[in-house]
Amino acid sequence: MTNERLKEHVCIVTGAAQGIGLATARRLATEGASVFAFDIAEPTEETEGIQWIACDVTSPQQWQENVERVVADAGPVDVLVNNAGGVGSYADLADTSRADWDRVIMLNQNSVFFGMQAVLPSMIERSTGSIVNVSSMWGIIGTPGVAAYQASKGAVTMITKNAAATYAGRGVRVNSVHPGFIWTPMTEAQDAGITQGLIDKTPMGRAGLASEVASAIAFLASDDASFITGIQLLVDGGFTTV
Amino acid sequence: MRLKNKTGVVTGGGSGIGRGICIKLAEEGAKVAIADIDMTGADETLRLIREIGGEAICIRADVTSVEESENMIAEAVNEFGRIDILVNNAGTDIKGSIQDYPVEKWDFLMSLNLKGVFLSTQAAVKRMLDQKYGRIVNISSMAGKTGEAYTSPYCTTKFGVIGFTQSIALELGESNITVNAVCPGAVETDLIKQSVSGTAELNNRSYEEELYEKFIKQTPLGRVAQPSDIANAVAFLASDEASFITGSTLNVSGGREMH
């Protein structure tokens, strides 16, 4: 009964070529959804139930065009998962260049704004929709360095609450998911010392898997969470409890 | 079925949210021990579970008693062989102003809402540590994060449940036992229905009008929760879907609480 929670739902997942986005696209597809995977990168392999769309999420124009494409192809969008993002720069605030700052804010924060703007009008019109924004545990608690990343993820947390508060009465739910340290190509690429330090500080004593974030996203996307809006769901092995 | 071959104990399973949780866990394939002091209510939950082809037993247990909490878990383990899930749901609210709140009622709420959670958890954790597996879900409340006038004892206990949840999540993290809390907003249980009907009469309003004034007006999603809304969140946290989630609180409040 629960593995078809998203039957006939049209879902968009951004940053879906790898990591959490890929796991989420696959998970939603197994729940019966028509999944449209947005990414600038090409997928490494085909997955049944997922259609790949080349989209630069930092371009509002590409958002509009590609959402129109999805609607023409499958019907109005029921679920949007704004997952695309990246660390971009590990620099301290004082050392963050203006160019890096702008790039990270554009990729992690503005893309979420563009994506929600692209799907909200039809969700409001149809009085239904679920948006899940992937923030981070660094969108809730502080950590040294990664200034632009923290600022952008904090902004995703708040724009989520704002959209939830604004559109709750119009049938649209908006929530954020906050991964802790998860094995993905993004985290595998980083300094091994940073990674080990984060795993050591995780109460569950291990890194999370992308599939464990995907299942939380699927829960919020589905009607199992029909009375849930404006929340921050942590998938961090207890990290922020410390 | 996300909880196939799992076994669980739900305290306060004989009515309201607890009944909804029992039914949902059974629906997902778990064998459920319905614990309550009200056996008529527990039997009704059992009947509803059997109606959908689920498997359950009733256990009479006062969770404020060390002995009865211990027996409750022992009986469940005896019956099902193990305990994968514990849902600490039993609890109640008695409102009153601070200047004349009777100490007996304060002690009673502390005992049921806090000590009860501690005792059931302690008894269950002993088994879960041996199994190297456990899912504990504590029912806190919106009042576990935000104060409410004339509700100081209840708020105190529900804030306490969150502190307890976070602390033991840290203790048990590496043992593959997750500990989380669910914070419901207003849920349309029989208890709430009764109270709304009562004040509706006093205020010369219909039930729907009173429900709107008391709860719906302040809820962004524009409705009150049904027990199934809370049960869905509990089932998620009790399942392996939430295997990397521990120490967290999940609001099911229709947007009334966003932190």
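Good morning; let me start with chain B, where buried residues make up 54% of the 259 residues, a residue being called buried if 20 or more other C-beta atoms, placed from the backbone, lie within 10 Å of its own. What you see is a predicted model, in which local features need pLDDT of at least 70 and side-chain atom pairs count only at pLDDT 80 or more, while totals for chains, interfaces and linings use all residues. Residues are numbered from 1 along each chain as its sequence is written, and chains are lettered from A and ligands numbered from 1 in the order in which they are written.

Now to the overall fold. Chain B has eight helices and seven strands, which are DSSP runs numbered from the N terminus, with at least four residues (H or I) for a helix and at least two (E) for a strand. Chain B is as compact as a globular protein of its length, because its radius of gyration is 18 Å, close to the 18 Å that the globule rule gives for 259 residues; the radius is taken over C-alpha atoms, and the rule is 2.2 Å times the number of residues to the power 0.38.

Let us turn to one strand. Why is strand E2 (residues 31-36) of chain B described as largely enclosed by the rest of the structure? Six of its six residues are buried, so the rest of the structure largely encloses E2(B). Lys31(B), Ala33(B) and Ala35(B) point one way from E2(B), whereas Val32(B), Ile34(B) and Asp36(B) point the other way.

E2(B) also has neighbours, where two strands pair if DSSP finds at least two bridges between them. Strand E1 (residues 7-11) of chain B runs parallel to E2(B) and is joined to it by five bridges, with Thr11(B) having Ala35(B) as its bridge partner. Six bridges join E2(B) to strand E3 (residues 55-60) of chain B, again in parallel, and here Asp36(B) has Arg60(B) as its partner. Between E2(B) and E3(B) the chain passes through helix H2 (residues 39-51) of chain B in a right-handed β-α-β crossover, meaning that, with the strands pointing away from the viewer, the path from the first strand over the helix to the second runs clockwise.

Methods
Buried ≥ 20, exposed ≤ 12 C-beta atoms within 10 Å, placed from the backbone.
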